[in-house]
Amino acid sequence: MKNNHALITGGSRGLGRAIALKFASEGMDIGIIGRDRSGLEETKLLVEKHGQQCHIIQADLSLMDEVQRASEEALAISDTWSVLVNNAGVAKQQSLREMPLADWELIHNVNIKAVFLLSRNIVECMIAQKRGKVVNISSLGAFFGTHGLGAYGASKAALNQLTRTMAVEWGPHNIQVNAICPTVVMTDMGKSIWEKPENDGMRKTFLDRIPAGKFGEPEDVAELAWFMASPASNYLNGVSIPLDGGKTVKP
Ligand code: NAP
């Protein structure tokens, strides 16, 4: 995978940063997209410690003209991206009856609309190379009706469906598209929901249902993302894999 370039959205912290560092440790150069300049700079420094390059693209992926600009900037930096990780995401805990339409739209803009637009722009250079990998960071929430996460779950279910169509349409060009569906990971996003005192009961119920007895770590996601980005997964296409310590299969 040396001399390969991976473009990762939401590289300023959390899972995106963990994925960037794993890929850099394996010899890949990285491009990261996000809004927070200081977080992006911090990731860049950490990537460079592995001796790899890191390009920063500052953009707000909730705005489609920004997604378009970020795509063009990415393609100006390199026309040989071989991996795209659609990781940036937003979650807000609100019941369906209380959720403002603007929040529903924000969640869907970042979690699904930006993925569609960025991916179809970047895939052109993968088609030209006759190879590529797209890794979509979805969520276990795509499979369940979780109280207060209706918009988020709907956006992630849409992402799993988009993953299937991307796999079917781009597979003939030797591009594999797969999704990871993690359970709770205590990143900023994880903490913003699962550390709220009013969610103590729900957190305990969740944990009790995980045979591994613990939530996931950013590195768990990064390892599976690495597998999906590497030639080891060349015959894997169109799947959305739960990464949940066994929660989904526990009756
Ligand atoms: P996080 O710590 O909150 O980080 C979210 C990332 O997304 C940040 O890098 C952020 O960058 C980026 N982002 C958010 N809105 C953006 C926007 N409008 N434009 C550009 N970038 C934006 O969350 P995380 O836990 O790492 O989540 C990463 C992915 O994993 C998400 O898709 C999430 O849905 C998924 N996931 C997380 C969990 C969990 O429990 N943590 C579980 C399942 C799935 P900036 O702030 O710099 O813009």
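Ala, Val, Leu, Ile, Met, Phe, Trp, Tyr, Cys and Pro are counted here as nonpolar, Asp, Glu, Lys and Arg as charged, and the others, Gly among them, as polar. By these classes, the lining of the largest cavity has 6 nonpolar, 2 polar and no charged residues. The structure is a predicted model, in which local features need pLDDT of at least 70 and side-chain atom pairs count only at pLDDT 80 or more, while totals for chains, interfaces and linings use all residues. Residues are numbered from 1 along each chain as its sequence is written, and side-chain values use heavy atoms, with hydrogens and water left out.

On a 1 Å grid over the protein atoms alone, a cavity is a set of points where a 1.4 Å probe fits but cannot get out, and a pocket is an open set with protein on both sides within 12 Å along at least five of seven lines, lining residues having an atom within 4 Å of a point. The largest cavity holds about 40 Å³ of space, and its lining consists of Thr9, Leu61, Asn86, Ala88, Val110, Ala114, Val115 and Leu118. Helix H4 (residues 101–129) gives the largest share of this lining, 4 residues; helices (H or I, at least four residues) and strands (E, at least two) are DSSP runs, numbered from the N terminus.

The largest pocket has a volume of about 970 Å³, and of the 44 residues that line it, Asn87, Gly89, Val90, Thr187 and Met189 are the closest to its centre. H6 supplies the largest share of the lining of this pocket, 6 residues, and by class the lining divides into 21 nonpolar, 16 polar and 7 charged residues.

The space taken by the ligand is this largest pocket, where a molecule is said to sit if more than half of its atoms lie within 2 Å of the grid points. Around the ligand are 31 residues, of which Ser12, Arg35, Asn87, Tyr152 and Thr187 are the closest, a residue being near if one of its heavy atoms lies within 4 Å. Polar contacts are pairs of N or O atoms within 3.5 Å; within protein, one must be able to donate a hydrogen and the other to accept it, and residues adjacent in sequence count only if both atoms are side-chain atoms. A nitrogen atom of the ligand is 2.8 Å from an N or O atom in the side chain of Asp60, whereas a polar side-chain atom of Lys156 lies 2.9 Å from a ligand oxygen atom.

Technical notes. Grid points are joined across faces, edges and corners, and a volume is the space filled by probe spheres set on the points.
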